[in-house]
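Hi,

Here is the structure I promised to pass on.

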Amino acid sequence: CERKHYSYHSCGNRHCPRCGHDDATEWARSCSALIPRVRCFLITATVPDGLNELIRSHQKDLYGLMFSGSSAAIKKLCADPRPLGAEPGMLGVLHTWARDMGYHPHVHLVVPAGGIDRRGKWVPTRYRNFLVPVKALSPIFRAKFRDGLKKLGLYDQVPPEVWKKDWVIHCEPAGNGPQVISYLARYIFRVALSNSRIVALKDDQVTFRYQPVGTKIWECMT
């Protein structure tokens, strides 16, 4: 009929602020099949910024150490009969930027509210909004990371003040498994900066909006 109808394709570039929705949807679908429809906790493990330079120089090893150290710490506390007495499953996601686009490596772990005991039976958590004590979790994670650095031969490159700081681990109830996966999917296949947050582009400089952690106030960064 000679009528033209435009069907716009996604460019597929990993830096495009509009692409990635299909990949995120497929990832969420496949991961949701692995996690039971039970309450889940979202645990975020962060390292002091004094480690940023070292981590950026040894990304493959130290990103891996962030995963193994944080998951081992969670498993150790969950094995204690007082909080759970079972082995939890978990799914981890690496996130490397802060809201202001600064380099900020941290790991998000989705942990169901329960685990499998030695008899192979499901054991739910005793309290609805509590999984493990985070004050005990943080020093265990720090020790696991420190031991891993020694095995990699990188311990001597760490500034001494790093070990005197608090290693922040945050744990909160986050809904059922598929809900949490859908939330994380937005950060995995989509870029850090969406079009809606871009305020201006002038003289090769981009100005964008962001909300500092713990506030609901919008600030601008160029």
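Predicted model: local features only at pLDDT ≥ 70, side-chain atom pairs only at ≥ 80, totals over all residues.

Residues are numbered from 1 along each chain as its sequence is written, and side-chain values use heavy atoms, without hydrogens or water.

The sheet is open and antiparallel, with 4 strands in the order 2-3-1-6. Strand 2 (91-97) and strand 6 (169-176) sit at the edges with a single partner strand each, so one side of each has no neighbour in the sheet. Strands here are DSSP runs of E, at least two residues, and helices are runs of H or I, at least four, numbered from the N terminus; two strands pair if DSSP finds at least two bridges between them. Strand 1 (residues 39-46) pairs with strand 6 over 6 bridges, and Phe41 has Pro173 in strand 6 as its bridge partner.

On to the salt bridges (a side-chain nitrogen of Lys or Arg within 4 Å of a carboxyl oxygen of Asp or Glu): there are 6 in the structure. One of them joins Arg29 and Glu26 at 2.6 Å, N to O; the two are 3 residues apart in helix 1 (residues 21-32), about one helical turn. Another joins Glu87 and Lys75 at 3.8 Å. That pair links distant parts of the chain, with Glu87 in the loop between helix 3 and strand 2 and Lys75 in helix 3, 12 residues apart.

Cheers
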